[in-house]
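Here is a briefing for a reader new to this protein. Take a look at the model first, then read on.

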Amino acid sequence: MNRRTKIAAVAAALLITAGAAGSAAASGDGRGGSREAAALTGTAKLYRPAGDDITFSFDAHLAAKDNNDPQAATGTFRFSHYKPGFPGGYAVAKVDCLVTGGKMAVVTGVIVDTDLKDRMGKRVGVSVNDLGKHDRLGYSWVGRETDLEVPPCLSSAPFEKVEAGTGDFHVLPWQLEYPTR
């Protein structure tokens, strides 16, 4: 094989390899399969100058096969609020909806484990804005009427600041598939 043929063969092999890697990356999972439709993961503490320990953790996912049904989302999320001299508490919710767009996510779930017994079985909603080191978060139990029924897929705007150094929320944007005519 002469030098030109060798260079052409190497170039062709590189192009084929790059094309295969590009199609795997485009599919979303790096292995050539399809990525999940949406996700919200991570843990962070809310900023409180008084020293309250308020933590939110998410492990919420929408499978690729359920792309057009955000209420088929699965997973859990947990939140807790503790402070010296304050009884505090925690809750774990089973996800029943996940909607994401860009770096924003809204997740709702029904509380399945808690030490706040009057909250067991209630749906709550949380919103996240994934801003890297400056994530923000909101929740449905803000305001005077906190006992109202929260519909699936709804929460408040992400009005809370996350404590510096604790925000590691990751939002996988949803890509809604529209029917063709």
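In this predicted model, M104 has N129 as its bridge partner in strand 6. Strand 5 and strand 6 (residues 123-129) run antiparallel and share seven bridges. The topics below start with strand pairing and end with charged pairs.

**Strand pairing**

- Strand 5 (residues 104-114) also pairs with strand 4 (residues 86-101).
- That pairing is antiparallel and counts 10 bridges.
- One of its pairs is K94 with V110, the partner in strand 5.
- Strand 4 and strand 5 make a hairpin, with two residues between them.
- G102 sits in the turn and has a positive phi of about 60°.

**Overall make-up**

- The protein has nine strands and one helix.
- The protein has 181 residues, and 33% of them count as buried.
- Take the contacts with a separation of 6 or more: 52% of them join residues 24 or more positions apart.
- The protein exposes about 10,800 Å².

**The largest nonpolar core**

- In soluble globular proteins, nonpolar side chains tend to be buried together.
- Here the largest nonpolar core holds 29 residues.
- L40, F56, F58, F77, V107, L137 and F169 touch the most other members.
- Elements giving two or more residues to this core include strand 1 (38-45), strand 3 (74-83) and strand 7 (136-139).
- Strand 2 (53-62) is also among them, and it gives the largest share, five residues.
- F77 has contacts well along the chain from its own place, leaving aside neighbours within four places in sequence: among them are S57, F58, A91, V107 and V126.

- D96 lies in strand 4.
- Is D96 buried or exposed? D96 is buried, because its relative accessible area is 16%, under the 20% cut-off.
- The side chains of D96 and T108 are joined by a polar contact of 2.7 Å.
- D96 also touches P70, Q71, G109, V110 and R123, among residues beyond four places away in sequence.
- D96, R123 and E149 are linked in a network of salt bridges.

**Salt bridges**

- Side chains of opposite charge can pair when their charged atoms come close.
- The count of salt bridges comes to seven.
- E149 and R123 form one of them, at 3.3 Å from N to O.
- This pair links distant parts of the chain, 26 residues apart: R123 is in strand 6, and E149 is in the loop between strand 7 and strand 8.
- E149 is exposed, with a relative accessible area of 64%.
- E160 and R48 form another salt bridge, their closest N and O atoms being 2.8 Å apart.
- E160 is in strand 8 (residues 160-161) and R48 is in the loop between strand 1 and strand 2, 112 residues apart.
- E160 is buried at 9% relative accessible area, whereas R48 is partly exposed at 24%.
- K83 and D52 also form a salt bridge, with 3.9 Å between the closest N and O atoms.
- K83 is in strand 3 and D52 is in the loop between strand 1 and strand 2, 31 residues apart.
- K83 is partly exposed, with a relative accessible area of 35%, whereas D52 is buried at 10%.

Methods: Residues numbered from 1 in each chain as written. Predicted model: local features only at pLDDT ≥ 70, side-chain atom pairs only at ≥ 80, totals over all residues. Heavy atoms only, no water. Helix = DSSP H or I, 4+ residues; strand = E, 2+ residues; numbered from the N terminus. Buried < 20%, exposed > 50% of the residue type's maximum accessible area, 1.4 Å probe, protein only. Contact = heavy atoms within 4.5 Å. Areas by Shrake-Rupley, 256 points an atom, 1.4 Å probe, with all protein chains shown as cover. Pairing = 2+ DSSP bridges. Core = buried A, V, L, I, M, F, W, Y, C linked by side-chain atoms within 4.5 Å. Polar contact = N/O pair within 3.5 Å; in protein donor to acceptor, adjacent residues only side chain to side chain. Salt bridge = Lys/Arg side-chain N within 4 Å of Asp/Glu carboxyl O.
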